[in-house]
Amino acid sequence: MIEKVFRTTDVPTSDRFDFWRELISRTHAPVELASVHRHDFRAQQRLLDLGDALIWPTTFHPVRFIRTPKLIRQSDPEGIHVSLPLHGTLGASQNNQEIAAGPFALCVIDTSRPFTVTAGEDGRTHTGIGLEIPKALLPLTSNRVDLLFPSRIPAQQGIAALFAQFLRQLSSDTTSYTPADGPRIATVVVDLLSSLFAHIADDDRSLTPESRRRTLTLRIRAFIRQHLHDPLLTPPVIAAAHHISVSYLHRLFQDEEDTVAAFVRRQRLERARHDLSDPAQRTIPVHEVAARWGFTHQAAFSRTFRSVYGVSPRGYRQAALADASGPALQ
């Protein structure tokens, strides 16, 4: 993944609005802009280039984006744009339909058709995450998919919630990724978005078997993270929750870094390690931290923790809290 940061404050005040319009035209598609803040337009964009897709966390002054038939004739990337508002509301008008999407909802539009998108109608700065992806990458054949644009998709449960969570997590921290990870992440984006559209259009048959497989694996991983506190979180329970056999569950994880059981154990240990290093939780007994994350036997937890981190849970907590309090004592 390649990451770049753009700020209008890096250019002279008189150039900021034009700078933002040119940046959006390259990132998204050529558009006209209108804003009461054009005399000193403030905006910031982090561009995450995945190769086949672009993700751009952004914050900007209230503005209206207008894509006209003339601009479409001049340049048509034939893409789909997805917005995830984090603070503020987006209003979109396309195909004689109007929608409004706030936090916990996705806004989807087609860059090949005229649209108007308004952000910050309340006068406040808008913050969100944008995604640009070519239509050609989405293995959807049903004509019903065309009815998706524009769409407001609630993102509080199901595949939409998984997709929104993925965008937020990816945007929050990219330090662990390299340029070589871009294509792999783009594949995940394509799978999740294809599954989401297929679900909405009731057209799961349009998905490739590999896409269905990868999306199911992502859903299972999310399910595991949400139920780490349950000591009965075992492969049979996980398989039953997703209406698959235990043997198929294990096959899904054959190409993953961990087996199912190893993934559950590693996630639990990471959560416990985090809590043990938190000064705000220093008074919580170690065995309670362990039980919180599904470890029912203190001795087994201690052995597993030591085998992974090379120190006992109590020893790790003491060292972590000592490091945390060190600077304050100087």
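Arg292 and Asp275 form a salt bridge, with their closest N and O atoms 2.7 Å apart. A salt bridge here is a side-chain nitrogen of Lys or Arg within 4 Å of a carboxyl oxygen of Asp or Glu. Arg292 sits in helix α9 (residues 286-292) and Asp275 in helix α8 (residues 260-276), so the pair ties together parts that are 17 residues apart in sequence. Arg292 is partly exposed, at 30% relative accessible area. Asp275 is buried, at 6%. Buried means under 20% relative accessible area, exposed means over 50%, and partly exposed lies in between (1.4 Å probe, protein chains only).

This is a predicted model: local features need pLDDT of at least 70, side-chain atom pairs count only at pLDDT 80 or more, and totals for chains, interfaces and linings use all residues. Residues are numbered from 1 along each chain as its sequence is written, and side-chain values use heavy atoms, with hydrogens and water left out.

The structure holds eleven salt bridges. Side chains of opposite charge can pair when their charged atoms come close. Helices (H or I, at least four residues) and strands (E, at least two) are DSSP runs, numbered from the N terminus. Arg21 is partly exposed, with a relative accessible area of 26%. Asp18 is partly exposed as well, with 31%.

Arg266 and Asp258 also meet in a salt bridge, at 2.6 Å from N to O. Arg266 is partly exposed, with a relative accessible area of 32%, whereas Asp258 is buried, with 14%. There is a network too: salt bridges link Arg16, Asp40 and Arg42.

## The largest pocket

Now to the open spaces. The search uses a 1 Å grid over the protein atoms alone: a pocket is an open set of points with protein on both sides within 12 Å along at least five of seven lines, a cavity is a set of points where a 1.4 Å probe fits but cannot get out, and lining residues have an atom within 4 Å of a point. Grid points are joined across faces, edges and corners, and a volume is the space filled by probe spheres set on the points.

The largest pocket holds about 980 Å³ of space. Its lining has 24 residues, and Phe166, Tyr177, Ile185, Val188 and Leu218 lie nearest the centre. Helices α3 (158-172), α4 (182-201) and α5 (209-226) each give two or more residues to this lining. Helix α5 gives the most, with seven. By class, the lining has nine nonpolar, six polar and nine charged residues. Ala, Val, Leu, Ile, Met, Phe, Trp, Tyr, Cys and Pro count as nonpolar; Asp, Glu, Lys and Arg count as charged; the others, Gly among them, count as polar.

## The second largest pocket

The second largest pocket has a volume of about 740 Å³. It is lined by 29 residues, with Gly158, Ile159, Leu162, Thr215 and Arg219 nearest its centre. The elements giving two or more residues to this lining are β12 (151-154), α3, α4 and α5. Helix α5 gives the most here, with eight residues. The lining divides into 15 nonpolar, ten polar and four charged residues.

## A closed cavity

How many cavities of 30 Å³ or more are there? The count comes to one. The largest cavity holds about 190 Å³ of space. It has 20 lining residues, and Trp56, Phe65, His81, Ser83 and Leu90 are the closest to its centre. Strands β4 (54-60), β6 (79-87), β9 (105-110), β10 (115-119) and β11 (126-134) each give two or more residues to the lining. The lining has 13 nonpolar and seven polar residues, and no charged ones.

## Two positive phi angles

Most residues other than glycine have a negative phi. Glu78 is not a glycine, yet its phi is positive, at about 50°. Glu78 is in the loop between α2 (69-74) and β6.

Phe104 is not a glycine either, and its phi is positive, at about 75°. Phe104 is in the loop between β8 (97-101) and β9. Is Phe104 buried or exposed? Phe104 is exposed, with a relative accessible area of 51%.
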